[in-house]
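Biologist: Could you walk me through the charged side chains in this one? I'd like to see how you get to each answer.

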Amino acid sequence: MRIEAVTATGRSTPVERGESFERWSRILVARHPNLAGFVASPSVALFRVEIVRFFHVERFQEVREWRPGD
C-alpha cells in the first residue's frame, strides 16, 4: 500500500521544424542518447507542454493538487 503517483496536466503545442525543433532535439538527445535515431525521423513531432497542475496520489485515495504559481 505504499504506492504513489504524480500526474502533470497542461496544454501542449507542437514545436515547428526548424531552429526551435533542432534546439529542443539536441537537448532531448543529450539527455537520452538512445533516442537520436528516433528523433531524427521525419515523422516524429516534438511538443512543448505548459504544465497547469500536478496531482499527487498516495494509497489510491489521498489526492493532492498543486498548481504552479499558487
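Modeller: Gladly! One cut-off to start: a residue is buried under 20% relative accessible area, exposed over 50%, and partly exposed in between. Keep in mind that this is a predicted model.

Biologist: Thanks! Is Arg64 buried, exposed or partly exposed?

Modeller: Its relative accessibility is 44%. Since that value falls between the two cut-offs, Arg64 counts as partly exposed.

Biologist: How do strands β2 and β3 pair, and over how many bridges?

Modeller: β2 covers residues 46-58 and β3 covers residues 62-66. His56 stands opposite Arg64 in β3. The two strands pair in the antiparallel sense, over 5 bridges.

Biologist: How many residues apart in sequence are the parts tied together by Glu65 and Arg53?

Modeller: The side chains of Glu65 and Arg53 meet in a salt bridge, at 3.9 Å from N to O. Glu65 lies in β3 and Arg53 in β2, so this pair ties together parts of the chain whose separation in sequence is 12 residues.

Definitions and conventions. Residues are numbered from 1 along each chain as its sequence is written. This is a predicted model: local features need pLDDT of at least 70, side-chain atom pairs count only at pLDDT 80 or more; totals for chains, interfaces and linings use all residues. Side-chain values use heavy atoms; hydrogens and water are left out. Two strands pair if DSSP finds at least two bridges between them. Helices (H or I, at least four residues) and strands (E, at least two) are DSSP runs, numbered from the N terminus. A salt bridge is a side-chain nitrogen of Lys or Arg within 4 Å of a carboxyl oxygen of Asp or Glu. Buried means under 20% relative accessible area, exposed over 50%, partly exposed in between (1.4 Å probe, protein chains only).
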